[in-house]
Amino acid sequence: MNRCPNCRARTEEHTEHCRRCGMELALLRRTEQAAEQWLQEAVRRLAAGEPSAAEQALQRARTLQPDPLAVQLIGFLRSRATGSD
């Protein structure tokens with residue numbers, strides 16, 4: 001997170017509160033980290049030939065944080081499952 005979602009002030013990487021508005025950022029950062037971990041898990045599952053598990057991990061990542069890569073990978077997995085390209 002480069003900016004506070006509340007006031008859009010630039011944020012430092014390890015600060016727990018926004019310097020301008022005081023909003024707590026720690027939970028948001030942990031949510032971003034969890035989404036990234038799920039995305040990485042999805043890529044590992046995809047590489048291991050486990051498309052169902054990969055899609056579940058992508059859905060979890062997308063639930064935590066919107067991500068265009070997750071959306072594209074879900075579309076890819078679904079198109080392969082239905083046999084359409």
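Helices (H or I, at least four residues) are DSSP runs, numbered from the N terminus.

Residues are numbered from 1 along each chain as its sequence is written, and side-chain values use heavy atoms, with hydrogens and water left out. As the model is predicted, local features need pLDDT of at least 70 and side-chain atom pairs count only at pLDDT 80 or more, while totals for chains, interfaces and linings use all residues.

Two packed helices are described by the angle between their axes and the distance between the axes. The axes of α1 and α2 come within 8 Å and cross at roughly 165°; axes are lines fitted to C-alpha atoms, for helices over the stretch in contact, and angles run from 0 to 180 degrees between N-to-C directions. That angle makes α1 roughly antiparallel to α2, a label given to angles over 145 degrees. The crossing by which α1 passes α2 is left-handed, meaning that the near helix is turned anticlockwise from the far one by less than a right angle.

Helix α1 itself covers residues 26-47. With 22 residues, α1 reaches 32 Å from its first C-alpha to its last, close to the 32 Å expected at 1.5 Å a residue; the expected span is 1.5 Å times one less than the number of residues. The buried residues of α1 are A26, R29, A35, L39 and A42, buried being under 20% relative accessible area, exposed over 50% and partly exposed in between (1.4 Å probe, protein chains only). These buried residues pack against α2 (51-64) and α3 (68-82). An α-helix has 3.6 residues a turn, so residues three or four places apart point the same way.

Two further residues of α1 can be looked at one by one. L46, in helix α1, is partly exposed, with a relative accessible area of 30%. Not counting residues up to four places away in sequence, L46 touches A54, L73 and L77. L46 and A57 are eleven residues apart in sequence, and their C-alpha atoms are 10.0 Å apart in space. E36, also placed in helix α1, counts as partly exposed at 39% relative accessibility.

E55, found in helix α2, touches I74, L77 and R78 when residues up to four places away in sequence are not counted. E55 and L77 are 22 residues apart along the chain, with 7.1 Å between their C-alpha atoms.

Most residues other than glycine have a negative phi, and most peptide bonds are trans. R8, in the segment before α1, has a positive phi of about 70° although it is not a glycine. G49, which follows α1, has a positive phi near 80°. H17 is likewise found in the segment before α1 and is partly exposed, with a relative accessible area of 44%. Leaving aside neighbours within four places in sequence, H17 is in contact with G22, M23, E24 and L25. The C-alpha atoms of H17 and G49 are separated by 41 Å, the two residues being 32 apart along the chain.

How values were computed. Helices (H or I, at least four residues) and strands (E, at least two) are DSSP runs, numbered from the N terminus. Contact means heavy atoms within 4.5 Å. Angles under 35 degrees count as roughly parallel, over 145 as roughly antiparallel, 65 to 115 as roughly perpendicular and the rest as oblique.
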